[in-house]
Amino acid sequence: MSAQAAPFAVLTDIAQRSRSMASGLPEQEKAVELWNGIGFILAGERYVAPMGDVTEILHVPRFTHIPGVRPFMMGAANVRGRLLPLVDLASFFGIPRSSRSLRERRVLVIEQGDIFSGLVVDSVLGMQYFAKDSFRANPKGVPDSVQPFVDGGYERNEEIWNVFSAADLVDDEHFLDVAQW
C-alpha cells in the first residue's frame with residue numbers, strides 16, 4: 001500500500017507547492033451595462049433611436065409627391081408592396097437641413113402600432129453602444145422644436161447623443177396632421 005501511496009503523496013505535494021507559489025488571479029472588473037440604438041445625424045446634431053423604434057434603414061427610395069400636404073411630407077414610396085409616407089424630419093422640426101443631397105440622406109423606417117412611416121435624416125451612423133451610467137436626463141443644446149421628442153441623452157467622448165423617441169413623435173397630433181388645409 002505504501003508503494004501506491006507514494007505516487008499519490010508526490011502528486012499532493014506538487015499540488016500544494018503549486019498553490020503556494022501561484023500568483024492570484026487578476027481582479028475581475030465589473031461588467032459595464034450597455035444601452036444601444038441606431039445613431040443618426042439631423043441638422044448636424046447626433047441622435048440615437050432605441051433599437052425597438054427603428055425597423056429598417058433605407059436609402060431614400062423613389063417617391064411620389066402628394067398634393068395638398070404640408071411641406072415636411074416629402075411624398076410616398078412603394079416599399080415591398082407597402083405605401084411608406086416619407087417625412088423630412090428637419091423640415092418637420094423647422095431646423096436647417098444639412099447640405100447633403102437626397103442621395104446621401106437615409107430613411108429610418110418606424111412602425112408604431114398602425115403608423116408606418118419613413119423619417120428622412122441627414123445620415124445614419126449605425127449601431128451605437130453607450131454605458132448605461134453615461135445617461136443624462138436633460139441634455140443641453142437640443143432645439144426647442146425637437147425637445148418634446150428627446151428622452152435624455154448619452155455621453156461618450158465628451159459628445160452628447162440625444163435619445164430620439166419615435167413613439168413620442170407618432171403620438172404628436174402635428175405629425176399625424178399632414179393635410180395643408
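Two rings of Phe, Tyr or Trp count as a pair if their centres lie within 6.5 Å. The views below show a predicted model.

**View 1. Aromatic pairs across the structure.** Searching the whole structure gives 13 aromatic pairs. Trp 35 belongs to strand S1 and Phe 130 to strand S8, so the pair ties together parts that lie 95 residues apart in sequence. Are these two residues buried or exposed? Both Trp 35 and Phe 130 are buried.

**View 2. The strands that carry Trp 35 and Phe 130.** Strand S1 covers residues 34-42 and pairs with S8 in the antiparallel sense, over eight bridges. Within this pairing, Trp 35 stands opposite Phe 130 of S8.

**View 3. The whole sheet.** Strands of a sheet pair through backbone hydrogen bonds, either parallel or antiparallel. Here six strands form an open sheet with mixed pairing, in the order S8-S1-S2-S11-S10-S9. Which strands lie at the edges? They are S8 (123-131) and S9 (135-136), each of which pairs on one side only.

**View 4. An aromatic cluster.** One aromatic cluster is made up of Phe 40, Tyr 47, Phe 72, Phe 92, Phe 93, Phe 149, Phe 164 and Phe 175.

**View 5. A charge over a ring.** Which residue lies over the face of Phe 116? Arg 82 does, at 3.8 Å from the ring centre.

Note on methods: Residues are numbered from 1 along each chain as its sequence is written. This is a predicted model: local features need pLDDT of at least 70, side-chain atom pairs count only at pLDDT 80 or more; totals for chains, interfaces and linings use all residues. Side-chain values use heavy atoms; hydrogens and water are left out. Two strands pair if DSSP finds at least two bridges between them. Helices (H or I, at least four residues) and strands (E, at least two) are DSSP runs, numbered from the N terminus. Rings of Phe, Tyr and Trp (its six-membered ring) pair if their centres lie within 6.5 Å; planes under 30 degrees apart count as stacked, over 60 as edge-to-face and the rest as tilted. Buried means under 20% relative accessible area, exposed over 50%, partly exposed in between (1.4 Å probe, protein chains only). A charge sits over a ring if NZ of Lys or CZ of Arg is within 6 Å of the ring centre and within 35 degrees of the ring normal.
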